[in-house]
Structure formats: structure tokens, C-alpha cells
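Here is a short note for a colleague who is opening this structure for the first time.

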Amino acid sequence: MNAAPQIVSITCMARTASRPQQAGNCTKRAGCSNRPLFREEQRQIVETAIQEVANFREWTIHALAVRSNHVHVVLAANDAANKVVADFKARATRRLRESGAAATDGRVWADGASKPPPLDG
């Protein structure tokens, strides 16, 4: 018997530095750009990719917001939050690269994600 899906809240950060060697410690003083990382076209690609994964995995998205430098997702899933994050990041990166909206090398996402404990469903 499968356990009931858990409600999970996830926030994934995009890479924040204009110069890759500074990612993770980005400040104005360090010379990082404050320009949006995800333009409108890229935000739509990321949103569509996340919806594709959720549909394929039969996860239910309750809220999804793709911002200029991060993504918020609240969903019900039978899988661990780490798997959800990995699947979302992988599909979004693939779709961004396929569309030419991201470089074919380098990283799109910062390490990890914010995953508070599952919410009671």
C-alpha cells in the first residue's frame, strides 16, 4: 500500500553571480550583476518544465512561482523532496539548453534547495 502524498514546499535558487567563480558569495561589492537571471521567456520555459515533470510523476502542484532568480513550488508528492528538486532542476536545465535560453556548459542552479519539513495534508 502506498503512503499518502506529502505536501512539500521547495525553493530553488538560480545561479546568482555574473561571474561563475563568485557564485554563492554574490554581492554588489564583488561585482555581481543585479539583472534578472531568468527573463520572461526563460521563466516560462522553467514553469513548463516543472509542470511536465509533475504531470509525468503524478505530483500535484498547489502553487508555482518562477521568479527572476528563484523558483517556489508547493506540491503533493509520494517522493522525497530531494528527488523532486533533482527532477525539476534537471528537466528545467535541459529545456533551457534545448531552447538556446541557457549555455550548454556551466550551471543554471545553485546547490541544494530550501525544503522545510513536509506540511500536513
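Across which strands does helix H2 lie, and at about what angle does helix H2 run to E1?

1. **Helix H2 on the sheet.** Helix H2 covers residues 81-98 and lies across E1 and E3. Its direction is at about 45 degrees to E1. Axes are lines fitted to C-alpha atoms, for helices over the stretch in contact, and angles run from 0 to 180 degrees between N-to-C directions. Contact means heavy atoms within 4.5 Å.

2. **Basis of the note.** This is a predicted model, in which local features need pLDDT of at least 70, side-chain atom pairs count only at pLDDT 80 or more, and totals for chains, interfaces and linings use all residues. Residues are numbered from 1 along each chain as its sequence is written, and side-chain values use heavy atoms, with hydrogens and water left out.

3. **Overall layout.** The chain has two helices and three strands. Read from the N terminus, the order of elements is β-α-β-β-α. Helices (H or I, at least four residues) and strands (E, at least two) are DSSP runs, numbered from the N terminus. The chain has 121 residues, and 31% of them are buried. Buried means under 20% relative accessible area, exposed over 50%, and partly exposed in between (1.4 Å probe, protein chains only). Among contacts with a separation of 6 or more, 57% come from residues 24 or more positions apart.

4. **The sheet.** Three strands form an open sheet in the order E1-E3-E2, and the pairing is antiparallel. Strand E1 (6-13) and strand E2 (60-66) are at the edges with a single partner strand each, so one side of each has no neighbour in the sheet. On average, neighbouring strands are turned by 10 degrees against each other, direction ignored. Two strands count as paired if DSSP finds at least two bridges between them. E1 and strand E3 (residues 70-77) are joined by eight bridges in the antiparallel sense. Threonine 11 faces histidine 72 in E3.

5. **Helix H1.** Which strands does helix H1 lie across? Helix H1 (residues 40-57) lies across E2 and E3. The helix runs at about 165 degrees to E2.

6. **More on H2.** Buried residues of H2 include Val84, Val85, Phe88, Ala92 and Leu96. Asp87 and Lys89 are also on that list. E1, H1 and E3 are among the parts that cover them. Glycine 100 follows H2 and has a positive phi, near 80 degrees.

7. **Salt bridges.** How many salt bridges does the structure hold? There are seven. A salt bridge is a side-chain nitrogen of Lys or Arg within 4 Å of a carboxyl oxygen of Asp or Glu. Side chains of opposite charge can pair when their charged atoms come close.

8. **A link between the helices.** Arginine 57 and aspartate 87 meet in a salt bridge, at 2.9 Å from N to O. The pair joins distant parts of the chain, with arginine 57 in helix H1 and aspartate 87 in helix H2, 30 residues apart. Arginine 57 is partly exposed, at 34% relative accessible area. Aspartate 87 is buried, at 15%.

9. **Other charged pairs.** Glutamate 40 bridges to arginine 43, with the closest N and O atoms 3.9 Å apart. Both lie in helix H1, three residues apart, about one turn of the helix. Glutamate 40 is exposed at 54%, while arginine 43 is partly exposed at 23%. Arginine 107 pairs with aspartate 111, the closest N and O atoms being 2.1 Å apart. Salt bridges with shared partners join Glu52, Arg91, Arg95 and Glu98 into one network.

10. **Aromatic pairs.** The whole structure has two aromatic pairs. One of them is tryptophan 59 with phenylalanine 88, edge-to-face, at 5.6 Å centre to centre and 85 degrees between the planes. Tryptophan 59 lies in the loop between H1 and E2 and phenylalanine 88 in helix H2, so the pair ties together parts 29 residues apart in sequence. Both residues are buried. Rings of Phe, Tyr and Trp (its six-membered ring) pair if their centres lie within 6.5 Å; planes under 30 degrees apart count as stacked, over 60 as edge-to-face and the rest as tilted.
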